[in-house]
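Please look at the chain shown here before reading on. The paragraphs after it go from contacts and overall form to one group of side chains.

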Amino acid sequence: SGIESAAIRGLGLAAAGHPDEATAAYDDLAARLRYGAQAQRVTMGRGWLQLIRDDVDAARSNLESAVATAGLGGSTRITLWALGWLARVQFATGDWDTAMTTVESGRQLAESSGIVIITPLLELTAAQIHALRGDWDAAQTAVRAADVVTQDYEMVRIPTILARAQVAEAEADYARVRRVLEPLARMAPGTSLTEPGYWPWP
């Protein structure tokens with residue numbers, strides 16, 4: 001639909017290095033849409049963009065709203081994306097226990113719905129938290145869960161690679177970090193991987 005295209009366009013503008021235009025596009029959409037699946041899509045995208053731009057308070061608010069509207073005509077797929085990015089916000093702000101609760105909600109929804117494409121984003125947060133806490137078995141379990149999902153899409157491959165790299169970094173194996181991240185260096189030119197804030201890897 002036109003709204004879906006506009007919502008995706010906002011993230012595309014940010015990925016292309018135009019975050020101010022992306023923010024304005026989402027502000028306009030949010031003012032026009034208040035309810036339903038389309039509004040949830042815009043709210044999720046807006047929260048994702050705010051996370052990219054380090055506006056974590058606004059990101060948390062919008063992503064929580066996107067999750068909350070799941071039962072009010074929202075989309076399961078968009079709810080899963082919102083849970084994935086909300087867990088990233090919670091991780092970034094040090095609210096790790098809440099982030100793991102959000103990850104678990106996402107895991108359960110992915111399993112019950114069969115929509116597993118967002119699993120690597122969820123498992124990136126889980127792997128990071130477990131590794132930083134020194135729970136290596138749980139960290140590796142999260143990496144394996146991410147790796148099970150098809151790697152045909154860039155948005156799936158990136159968090160899977162980052163999960164592996166985050167575990168290696170927590171283990172202070174910096175040579176392995178560089179090896180693991182090499183595919184991202186090859187993928188990066190001309191993509192959102194080169195834009196600040198999109199992914200924490202450079």
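Among contacts between residues at least 6 apart in sequence, 56% join residues at least 24 apart. These values come from a predicted model.

How does the radius of gyration agree with that of a compact globule? With 202 residues, a compact globule would have a radius of gyration near 17 Å, and the protein has 16 Å, which agrees. Along the principal axes, the C-alpha trace spans about 50 × 35 × 30 Å. Of the 202 residues, 45% count as buried. The protein exposes about 9600 Å², and carbon and sulfur atoms supply 52% of that area.

The protein carries 18 positive and 24 negative side chains. The centres of these two sets lie 3 Å apart.

The structure holds four aromatic pairs. One of them is formed by W48 and W85, whose ring centres are 4.6 Å apart and whose planes meet at 25 degrees. Planes under 30 degrees apart count as stacked, so this pair of W48 and W85 is stacked. W48 belongs to helix α3 (residues 36-52) and W85 to helix α5 (residues 76-92), so the pair ties together parts that are 37 residues apart in sequence. Both W48 and W85 are buried.

W85 also forms an aromatic pair with W199. Here the centres are 5.5 Å apart and the planes are at 45 degrees, and the pair is tilted. This pair links distant parts of the chain: W85 is in helix α5, while W199 is in the segment after α10 (174-187), 114 residues away.

Why do W85 and W199 count as buried? The cut-off for buried is under 20% relative accessible area. W85 has a relative accessible area of 3%, so W85 is buried. W199 has 5% relative accessibility and therefore counts as buried.

Which residues make up the aromatic cluster? W48, W81, W85 and W199 form one cluster. Within it, W85 takes part in the stacked pair with W48 and in the tilted pair with W199. Through these pairs, W85 of helix α5 is joined to W48 of helix α3 and to W199 in the segment after α10.

Conventions. Residues are numbered from 1 along each chain as its sequence is written. This is a predicted model: local features need pLDDT of at least 70, side-chain atom pairs count only at pLDDT 80 or more; totals for chains, interfaces and linings use all residues. Side-chain values use heavy atoms; hydrogens and water are left out. The radius of gyration is taken over C-alpha atoms; the globule rule is 2.2 Å times the number of residues to the power 0.38. Buried means under 20% relative accessible area, exposed over 50%, partly exposed in between (1.4 Å probe, protein chains only). Contact means heavy atoms within 4.5 Å. Accessible areas come from the Shrake-Rupley method with a 1.4 Å probe; for residues, only the protein chains shown count as cover. Lys and Arg count as positive and Asp and Glu as negative; His and the chain ends are not counted. The place of a charge is taken as NZ of Lys, CZ of Arg, CG of Asp or CD of Glu. Rings of Phe, Tyr and Trp (its six-membered ring) pair if their centres lie within 6.5 Å; planes under 30 degrees apart count as stacked, over 60 as edge-to-face and the rest as tilted. Helices (H or I, at least four residues) and strands (E, at least two) are DSSP runs, numbered from the N terminus.
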